[in-house]
Amino acid sequence: MKKILFLALTVAIVACENAPKDYVTFSGKITDKNSDSLVVRTRTYSKTIKVNEDGTFSDTLKVVSGIHNLFDGAESTNMFLENGFDINLTFNAKEFDETIKYTGTGAKTSNYLAKKMLLQESIFSPDIFELEEAAFKTKVSEIEKTLTEFIESNKDIDSSIHANEKAGLEQFNAGITAAYTQQKQRTKQLSSFVGKPSPDFVNYENHKGGTTSLTDLKGKYVYIDVWATWCGPCKKEIPDLKKVEGQYHGKNIEFVSISIDNQKDHDAWKKMVTDKELGGVQLFADNNWQSEFVQGYKIQGIPRFILIDPAGNVVNADAPRPSSPKLIELFTSLNI
């Protein structure tokens with residue numbers, strides 16, 4: 001009888017040890033951390049994870065299998081989580097996307113998603129929508145080929161994610177072509193702004209203190225960047241914007257960045273401006289997307305760049321981005 005009980009107890013212990021975890025073990029270390037917590041989120045799930053002073057963190061997450069958003073302050077990325085995973089994440093907060101690395105059980109798909117984000121940044125340029133139709137089609141074919149090769153070389157990721165990636169690629173051409181057509185129509189519509197008084201903004205909070213209105217800037221050209229801390233393409237333009245600002249320092253032009261972050265992200269805006277040492281005039285819009293200035297310019301996507309002349313009239317309601325050589329060409333044509 002004792003032997004039977006001992007055997008039953010042994011089986012029970014082994015069964016407990018071998019039972020699959022119904023949660024994710026998530027740990028890691030952040031170099032040059034810029035916040036005291038991480039947030040893992042989907043539409044129906046949210047978990048805040050404390051980050052220690054030395055940048056380490058560790059927690060457990062009970063999730064529904066799928067892609068989750070990971071936020072570190074204003075930075076974000078996608079990761080694939082499934083109960084039973086044991087994932088370790090490392091990155092440098094000052095080079096967020098470039099340094100993300102996952103190791104451990106279940107890390108492969110998350111590494112794929114991180115590499116895909118970097119790949120997209122390298123092969124996509126906003127200038128693609130400024131190309132003539134024939135050049136646009138050629139560029140789209142090149143992008144399709146690169147993405148196809150990337151997806152097919154990563155068949156060992158989660159099967160459902162791989163299937164979704166292939167399905168998305170099948171719709172890529174039609175989707176980007178529709179966006180190209182919309183952009184051309186929008187450019188035509190925005191040409192009606194040229195030469196007319198600019199929509200106004202009044203008493204926007206200035207990061208350096210006090211408030212600033214558009215009328216305060218009359219007498220100089222004004223190059224405006226409408227952006228938000230959560231916007232990846234916006235942040236990608238920052239290095240080039242800094243470079244252009246430096247090149248035109250002391251000339252007859254003001255560089256103004258208007259954040260349309262929600263009020264709840266006000267502190268994140270202040271911190272990013274300080275941490276990234278953003279130059280020019282840094283302003284916070286009074287009502288994010290619903291601000292009269294934003295609505296006046298029919299802004300539906302960011303970043304959006306606008307050039308206004310010294311008299312307060314619109315030169316270009318959809319000006320070239322700082323990363324585009326066409327911006328310097330425009331400035332030169334105006335003798336700025």
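In which helix is Asp-97 found? Asp-97 is found in helix H2, residues 96–99; helices (H or I, at least four residues) and strands (E, at least two) are DSSP runs, numbered from the N terminus. This is a predicted model, where local features need pLDDT of at least 70 and side-chain atom pairs count only at 80 or more, while totals for chains, interfaces and linings use all residues. Residues are numbered from 1 along each chain as its sequence is written, and side-chain values use heavy atoms, leaving out hydrogens and water.

Asp-97 is buried yet has no salt bridge. Buried means under 20% relative accessible area, exposed over 50%, and partly exposed in between (1.4 Å probe, protein chains only). A salt bridge needs a side-chain nitrogen of Lys or Arg within 4 Å of a carboxyl oxygen of Asp or Glu, and the nearest side chain of opposite charge, Lys-235, is 6.9 Å away.

Now for the cores. The largest nonpolar core has 42 residues, and Phe-26 and Leu-61 have the most contacts inside it. Such a core is a set of buried Ala, Val, Leu, Ile, Met, Phe, Trp, Tyr and Cys residues joined through side-chain atoms within 4.5 Å. Apart from it lies another core of 35 residues, including Ile-224 and Val-281.

Finally, look at helix H10 (residues 325–333), whose buried residues are Leu-327, Leu-330 and Phe-331. They lie on the same side of H10 because they cover an arc of only 95 degrees around the axis, taken from the directions from the helix axis to the C-beta atoms. On the other side of H10, Pro-325, Glu-329 and Ser-333 are exposed.

Key:
Lys and Arg count as positive and Asp and Glu as negative; His and the chain ends are not counted.
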